[in-house]
Amino acid sequence: MWSRVELKTSAKQILQKNYWGAVLVGLILSICLGGTGVDSVFNVSDFMDKRMTNIHNNVISDGLGNDFGYSIYGSYEIIVRKIIAFINSLSYTTILMILILAFIILIAAVAISAFVLAPIEVGCRRWMLKNRKDNPQFGEIAFGFTDGYLNIVKIMFCRNLFISLWSLLFVIPGIVKAYEYRMIPYLLAENPNMDMSEAFGRTKNMMYNNKTDAFVLDLSFLGWYLLTAFTCGVLAIFYVTPYVYLTDIELYVALCQAPKDSDTTQGDRATGQYDSSREQYDEYREV
């Protein structure tokens with residue numbers, strides 16, 4: 001059974017061993033995943049709270065000491081009306097063109113995520129796996145483009161699609177599935193040609209009875225995330241981000257090394273072995 005303390009201790013030791021490499025790869029991975037967003041959320045929230053407080057406490061004046069008593073909420077109403085009037089002034093052709101453009105942008109974003117960012121994510125995970133014992137070349141980041149590229153694109157796309165669809169059911173199911181599918185990038189980092197049913201089966205077995213503990217593990221970094229808000233994200237780049245990603249690697253390794261469950265009523269929950277060779281993994285087919 002793994003523990004948060006052991007995982008974090010190992011991650012800190014690995015981070016000290018190859019600090020700048022972990023920082024760079026962590027930054028690339030963070031960009032691929034869209035960043036944590038913690039620092040920007042806190043900064044924007046704080047700014048808007050102060051701004052709204054100042055505006056709410058003031059009224060518009062004519063400069064001669066006569067207040068009109070016109071609050072910011074009245075301004076919002078005018079803005080909304082102007083937006084509605086602008087939309088009504090548009091022709092159906094213009095609206096159709098806007099919708100088509102928005103659809104094209106959406107498709108382009110999905111394509112970039114699937115065909116570019118997903119393979120880079122897998123490559124970054126592979127670099128971090130190898131970094132546990134070796135000093136890997138940064139070329140490992142491009143691993144996803146050179147080995148099993150289309151398979152990686154397909155599985156990662158399906159993973160993100162499934163999570164999005166589950167999230168439509170009041171969000172909570174999406175969070176659960178995100179944790180259930182959490183190990184897929186790591187499995188592909190070691191086995192890029194693993195078929196989709198096996199990848200989803202393995203991650204499901206690896207996270208069995210571990211989703212809650214993994215959630216608590218993520219919450220244990222909350223204090224670090226709060227500190228990033230006070231450093232304008234600098235702490236996140238140079239410590240928190242690589243620290244979190246390396247801890248995730250240690251979680252993957254711990255789950256890979258977990259013994260098989262002897263309870264056959266729950267099915268075969270073999271998670272395989274932490275190794276870069278495909279042959280080291282036990283065969284699995286979900287019944």
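Which residues of H7 are buried? Hold on to that one for a moment while we get our bearings. What you're looking at is a predicted model, in which local features need pLDDT of at least 70, side-chain atom pairs count only at pLDDT 80 or more, and totals for chains, interfaces and linings use all residues. Residues are numbered from 1 along each chain as its sequence is written, and side-chain values use heavy atoms, with hydrogens and water left out.

Start with the overall picture. The protein has 13 helices and zero strands, where helices (H or I, at least four residues) and strands (E, at least two) are DSSP runs numbered from the N terminus. Follow the sequence along and the pattern reads α-α-α-α-α-α-α-α-α-α-α-α-α. Of the 287 residues in the protein, 36% are buried. Here buried means under 20% relative accessible area, exposed means over 50%, and partly exposed is in between (1.4 Å probe, protein chains only). As for contacts, meaning heavy atoms within 4.5 Å, take those between residues at least 6 apart in sequence: 71% of them join residues at least 24 apart.

Now back to H7, which covers residues 149-167. Its buried residues are Asn151, Ile152, Val153, Ile155, Met156, Cys158, Arg159 and Ile163. What do they pack against? The partners are helix H5 (92-130), helix H6 (143-146), helix H8 (172-180), helix H9 (184-190) and helix H10 (196-206). H7 has 19 residues and reaches 27 Å from its first C-alpha to its last, close to the 27 Å expected at 1.5 Å a residue; that expected span is 1.5 Å times one less than the number of residues.

Step past H7 and you come to the loop between H7 and H8, where phenylalanine 170 lies. Most residues other than glycine have a negative phi. Phenylalanine 170, though not a glycine, has a positive phi of about 60 degrees. This residue counts as exposed because its relative accessibility is 75%.

Next, look at how H8 meets helix H11 (residues 211-219). Two packed helices are described by the angle between their axes and the distance between the axes. For H8 and H11, the axes come within 10 Å and cross at roughly 95 degrees, so H8 is roughly perpendicular to H11. The axes are lines fitted to C-alpha atoms, for helices over the stretch in contact, and the angles run from 0 to 180 degrees between N-to-C directions. As for the wording, angles under 35 degrees count as roughly parallel, over 145 as roughly antiparallel, 65 to 115 as roughly perpendicular and the rest as oblique. On the H8 side, Val176, Tyr179 and Glu180 meet Lys211, Ala214, Phe215 and Asp218 of H11. Sorted by class, this contact has four nonpolar, no polar and three charged residues. (Ala, Val, Leu, Ile, Met, Phe, Trp, Tyr, Cys and Pro count as nonpolar, Asp, Glu, Lys and Arg as charged, and the others, Gly among them, as polar.)

Further along, helix H12 (residues 222-230) packs with helix H13 (residues 234-256) at an angle of about 165 degrees, their axes 10 Å apart. That angle is why H12 is roughly antiparallel to H13. From H12, the contact takes in Trp224, Tyr225, Leu227 and Thr228, and from H13, Leu235, Ala236, Tyr239, Val240, Tyr243 and Val244.

Zoom in on tryptophan 224, in helix H12. Leaving out residues up to four places away in sequence, tryptophan 224 touches Leu235, Tyr239, Val240 and Tyr243. Its C-alpha is 8.5 Å from that of leucine 235, eleven residues apart along the chain. With a relative accessible area of 29%, tryptophan 224 is partly exposed. In the loop between H12 and H13 you'll find cysteine 232, which has a positive phi of about 55 degrees although it is not a glycine. Cysteine 232 is exposed, at 61% relative accessible area.

Finish with two charged residues. Glutamate 250 sits in helix H13 and counts as buried at 5% relative accessibility. Beyond residues up to four places away in sequence, glutamate 250 touches Leu7, Ser10, Ala11, Ile14 and Arg132. Arginine 125, in helix H5, is buried at 6%. Setting aside neighbours within four places in sequence, arginine 125 is in contact with Leu29, Leu33, Pro185, Tyr186, Ala189, Tyr245 and Ile249.
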